[in-house]
Amino acid sequence: MAEAVLSGERLLRRVLEICYANGREGVMEVEFDDDQAAVRIGLGLAFGSVTASLFASPRQTSHEQAAAIEVSCAAFNLGAGLIDGLCDGTPALGLELLRIFQALDWAGATRDPWPAGQLQSALPAPLAADPTAAFTARIIETFLVTLHAGYPGDEGAAVRDRIGALSEEALEAERRTVQRSPEFSTRDQLIECSRRTSVMPFQIIEQLATGAHAIASPTAGTLLGEAMWRIDDLVDLAQDAGDGALNSVLLAATRKPRFANARDGVAALEEVTTSDVIALTAVEAAERLEAGLAAASDGKADNKACRLFLAFVHRYAELAPNS
């Protein structure tokens, strides 16, 4: 993790150079509330880079393109996490941000880049005034800049189109998990939406890292995304039960698409904790994780990348490394 922190610091410096470019004056000075905030953001970037390194295979790209692709993967991972956090913490702001992506034609921006600052200037006052939302907009714009730098021109168009299509699907799944509209709210539909919000970011990073026209299914990204989906829902089990948030483990155990009140959430949590659901879900997560790491780069994933990835997983799940 010490190595990951250093990687995060390096990536954060590069991302800030793009996020806060100030014309001929260089880069605006940026300060975080505290050092830990900068470390958390750096680790979000580092996890995207580490995940990409699992999938990457040697390709004929320039040093500049390879560097841009790394930053693109890092910025995408951080941006996805920021959007998810905004949707969980302030659903109204999160849904408004998702609406703006749709209004600005997100898929079109992967084909032809937005003018500089377009997303930021499109934010309504409540979003522009929210520091997290404003920062998220800058990170998303950085992702687009580096996507076009890593896969430029006509030769990169096919990859950019696939990224645009996949990310549109991911944004729609996120919207549905937050909104839970009546026309899309059966238990199975919500569980699939929950799965897609976790799996699709890994599939997108896999596509970014490989640039492949076709990847054998199930892909390493799909398997690792499914592992993290199960781990995420286990980690957030009690919190989601209290908040009434979407959690596939609770949904599968209770067969209710939503909780009417906090009492329903507590009842669902008690039902889960007195059954074998947690143990079975943990086994499923471990099997997906093992299979995903084996499938990464056709079983030739760099051992260092695997160790770093597992270090992040252990840290997130609060597991001792040798447990």
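The protein chain folds into 16 helices and zero strands; here helices (H or I, at least four residues) and strands (E, at least two) are DSSP runs, numbered from the N terminus. This is a predicted model, where local features need pLDDT of at least 70, side-chain atom pairs count only at pLDDT 80 or more, and totals for chains, interfaces and linings use all residues. Residues are numbered from 1 along each chain as its sequence is written, and side-chain values use heavy atoms, with hydrogens and water left out.

Let's start with the whole chain. Of its 323 residues, 46% are buried, meaning under 20% relative accessible area with a 1.4 Å probe, protein chains only. Among contacts (heavy atoms within 4.5 Å) with a separation of 6 or more, 70% join residues 24 or more positions apart.

Now look at Ser49, which sits in helix H2 (residues 35-55). Ser49 counts as buried because its relative accessible area is 11%. Beyond its neighbours within four places in sequence, Ser49 touches Leu11, Glu70 and Ala74.

| Helix | Residues | Some of the residues in the contact |
|---|---|---|
| H10 | 187-210 | including Ile191, Phe202 and Glu206 |
| H11 | 220-235 | including Leu224, Trp229 and Asp233 |

The residues of this contact of H10 with H11 divide into seven nonpolar, six polar and four charged; Ala, Val, Leu, Ile, Met, Phe, Trp, Tyr, Cys and Pro count as nonpolar, Asp, Glu, Lys and Arg as charged, and the others, Gly among them, as polar.

Conventions. Buried means under 20% relative accessible area, exposed over 50%, partly exposed in between (1.4 Å probe, protein chains only). Axes are lines fitted to C-alpha atoms, for helices over the stretch in contact, and angles run from 0 to 180 degrees between N-to-C directions.
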